[in-house]
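Here is a briefing on one structure. Look over the sequence and the model first, then read the notes below.

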Number of protein chains: 2
Amino acid sequence: MIRKGTTSAVELRRLIRAGEWKQTTTGLVPGFVQANLVMLPKEQAFHFLLFCVRNPKPCPILDVLEPGQFEPSIARGADLRTDLPKYRIYEKGELRKEVEEVKDFFHEGMVSFLLGCSFSFESAMLASGLPIRNIEEGKNVSMYVTSRRCVSAGPFSSPLVVSMRPLTPQQAVRAIQVTTRFHLTHGAPVHFGSPEEIGIKNLNRPEFGDPVTLRQGEIPVFWACGVTSALAATSARLPLVITHAPGHMFVSDLKDEDLTIL
Amino acid sequence: MIRKGTTSAVELRRLIRAGEWKQTTTGLVPGFVQANLVMLPKEQAFHFLLFCVRNPKPCPILDVLEPGQFEPSIARGADLRTDLPKYRIYEKGELRKEVEEVKDFFHEGMVSFLLGCSFSFESAMLASGLPIRNIEEGKNVSMYVTSRRCVSAGPFSSPLVVSMRPLTPQQAVRAIQVTTRFHLTHGAPVHFGSPEEIGIKNLNRPEFGDPVTLRQGEIPVFWACGVTSALAATSARLPLVITHAPGHMFVSDLKDEDLTIL
């Protein structure tokens with residue numbers, strides 16, 4: 001159980017490592033930056049890093065470790081093999097299992113990537129008085145696979161995945177301003193308005209997460225989503241890819257404000 | 001000779017490729033983004049890309065090509081082996097020669113990196129009515145090796161190199177605003193005021209470029225400088241590294257405004 005006094009990322013990671021917290025990290029230790037994790041063999045590390053560099057909005061790079069290393073620079077003392085509540089193991093692009101630590105899978109030839117996630121800018125939107133419908137409704141954010149292609153790199157390719165939050169036009173203007181500051185956690189929206197224009201047929205049927213209510217006068221606003229990185233990593237059908245399980249992120253020592261550009 | 005009608009990057013690259021322009025690209029085809037070039041063996045490409053990702057202010061990534069490729073995405077039809085006026089060839093970290101094209105050196109196992117340079121934000125500073133002393137005095141910008149270390153990656157390490165422009169405090173405030181928009185061409189300054197604080201002993205003795213006049217009431221303002229990338233690339237003493245010769249940049253089809261974040 002997360003104790004009432006758990007207010008630091010260090011303490012949360014200690015609990016996770018001890019097996020005392022196995023659920024999602026959504027909403028935990030607010031203000032600390034949470035990250036997507038991808039681990040893959042060093043032979044493909046250049047091309048995966050290149051994929052991220054070429055697609056910075058869905059795959060903003062927070063930290064990349066040397067082969068075999070598991071202590072990130074954005075959380076000294078942490079161990080990426082044990083400090084996330086749940087991981088996914090992929091073999092040849094297929095999901096094989098979910099596990100609570102990956103010491104038996106991670107090896108000297110593996111490179112770890114930590115990529116920004118939208119929790120950081122959601123806090124900033126809330127602080128600006130903007131609504132986050134999925135939080136209001138106690139759901140996961142709605143995520144969709146679009147018809148837009150990311151720029152490929154070597155064996156890695158993926159459609160752009162987006163998350164959606166309903167806003168009035170006036171709120172959308174403010175949300176664009178607020179999220180622009182967070183270029184390391186997806187930054188400004190990639191689209192708003194017509195879902196069809198980016199290949200989304202039915203807003204009520206997200207590929208990931210839950211559908212949320214779109215109210216009268218609201219338009220859907222779409223941000224690039226970190227799920228893109230998992231699709232890209234598994235697209236190459238490598239012998240082994242490890243990712244976090246959805247919602248079970250790595251919680252770093254960075255504060256949200258460390259990621260802003262202005 | 002550059003003809004009076006040479007106003008596009010495509011035309012300038014054609015002249016360079018034909019051997020009709022062999023001098024620096026400083027001030028040519030204003031508004032088009034110019035870039036630092038580094039080419040090195042693919043075995044070290046992951047770690048060099050990682051060095052750039054870890055040090056985005058001195059080494060902002062504009063384009064990285066697949067091994068063996070020489071047509072960048074930011075200038076379709078261009079050839080990085082021939083379209084710069086002058087190149088430097090390094091073997092085991094030592095400068096071996098300067099050449100006008102590198103078809104005889106570049107091979108299938110080489111990866112090309114294009115990194116942002118400060119020409120883009122200088123145009124924006126001038127447009128805002130800010131002085132660029134080195135341009136006023138017809139000199140190269142002053143560049144200094146600082147006591148700050150970049151974050152290393154694999155075999156690549158380097159001190160941070162900075163460029164300096166004298167400004168009044170009021171001008172410096174405006175310059176910070178203006179250059180913040182250009183995060184892909186070094187962004188906001190890394191320091192202003194006391195040169196000693198970053199290990200610069202004598203402003204009149206820059207390691208690269210020329211000294212410029214610091215007038216009464218002005219302070220030195222320091223920006224991260226792309227020369228850092230050449231020092232890092234040659235620090236690893238690889239069998240072969242190719243860079244542009246100083247001031248002889250690659251001129252892309254990107255416009256300065258394409259690089260802004262706001």
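The buried residues of α2(A) are covered from two chains: the cover includes β1, β2 (61–64), β5 (110–116) and α6 of chain A, together with α2 and β2 of chain B. This is a predicted model, in which local features need pLDDT of at least 70 and side-chain atom pairs count only at pLDDT 80 or more, while totals for chains, interfaces and linings use all residues. Residues are numbered from 1 along each chain as its sequence is written, and chains are lettered from A and ligands numbered from 1 in the order in which they are written.

**Helix α2 of chain A**

- Eight of the 10 residues of α2(A) are buried, so the helix is mostly covered (buried: 20 or more other C-beta atoms within 10 Å of the residue's own; exposed: 12 or fewer; partly exposed: in between; C-beta atoms are placed from the backbone).
- The buried set is A:Ala45, A:Phe46, A:His47, A:Phe48, A:Leu49, A:Leu50, A:Phe51 and A:Cys52.
- Helices (H or I, at least four residues) and strands (E, at least two) are DSSP runs, numbered from the N terminus.

**The helix pair across the chains**

- Helix α2 (residues 45–54) of chain A packs against helix α2 (residues 45–54) of chain B at an angle of about 35°, with the axes 8 Å apart.
- Axes are lines fitted to C-alpha atoms, for helices over the stretch in contact, and angles run from 0 to 180 degrees between N-to-C directions.
- The crossing of α2(A) past α2(B) is left-handed (the near helix is turned anticlockwise from the far one by less than a right angle; clockwise would be right-handed).
- From α2(A), the contact uses A:Ala45, A:Phe46, A:Leu49, A:Leu50 and A:Val53; from α2(B), it uses B:Ala45, B:Phe46, B:Leu49, B:Leu50 and B:Val53.
- Contact means that C-beta atoms, placed from the backbone, lie within 7 Å.
- These residues divide into 10 nonpolar, no polar and no charged (nonpolar: Ala, Val, Leu, Ile, Met, Phe, Trp, Tyr, Cys and Pro; charged: Asp, Glu, Lys and Arg; polar: the others, Gly among them).
- An α-helix has 3.6 residues a turn, so residues three or four places apart point the same way.

**The interface as a whole**

- Chain A and chain B each bring 13 residues to the contact.
- On the chain B side, α2 and β2 (61–64) each supply at least two residues.
- The largest share of that side, five residues, comes from α2(B).
- The chain B side divides into nine nonpolar, three polar and one charged.

**Core**

- The largest nonpolar core has 146 residues (a set of buried Ala, Val, Leu, Ile, Met, Phe, Trp, Tyr and Cys residues joined through C-beta atoms within 7 Å).
- A:Leu49, A:Val162, B:Leu49 and B:Val162 have the most contacts inside that core.
- Beyond its neighbours within four places in sequence, B:Leu49 is in contact with A:Phe46, A:Leu49, A:Leu50, A:Val53 and B:Val64.

**Chain A overall**

- Chain A has six helices and 11 strands.
- Its radius of gyration is 18 Å, close to the 18 Å that the globule rule gives for 262 residues, so chain A is as compact as a globular protein of that length.
- That radius is taken over C-alpha atoms, and the rule is 2.2 Å times the number of residues to the power 0.38.
- The C-alpha trace spans about 55 × 45 × 35 Å along its principal axes.
- Of the 262 residues, 47% count as buried.
- Among contacts between residues at least 6 apart in sequence, 77% join residues at least 24 apart.

**Individual residues**

- A:Ala224 lies in strand β9 (residues 219–224) and is buried, with 28 other C-beta atoms within 10 Å.
- Not counting residues up to four places away in sequence, A:Ala224 touches A:Lys57, A:Pro58, A:Leu160, A:Val162, A:His186 and A:Val190.
- A:His186 sits in the loop between α5 (169–180) and β8 (191–192); its phi is positive, about 85°, although it is not a glycine.
- A:His186 counts as buried because it has 27 C-beta neighbours inside 10 Å.
- A:Arg237, in the loop between α6 (227–235) and β10 (241–244), has a positive phi near 55°.
- A:Arg237 is exposed, with 12 other C-beta atoms within 10 Å.
- A:Pro41, in strand β1 (residues 32–41), is partly exposed, with 17 C-beta neighbours inside 10 Å.
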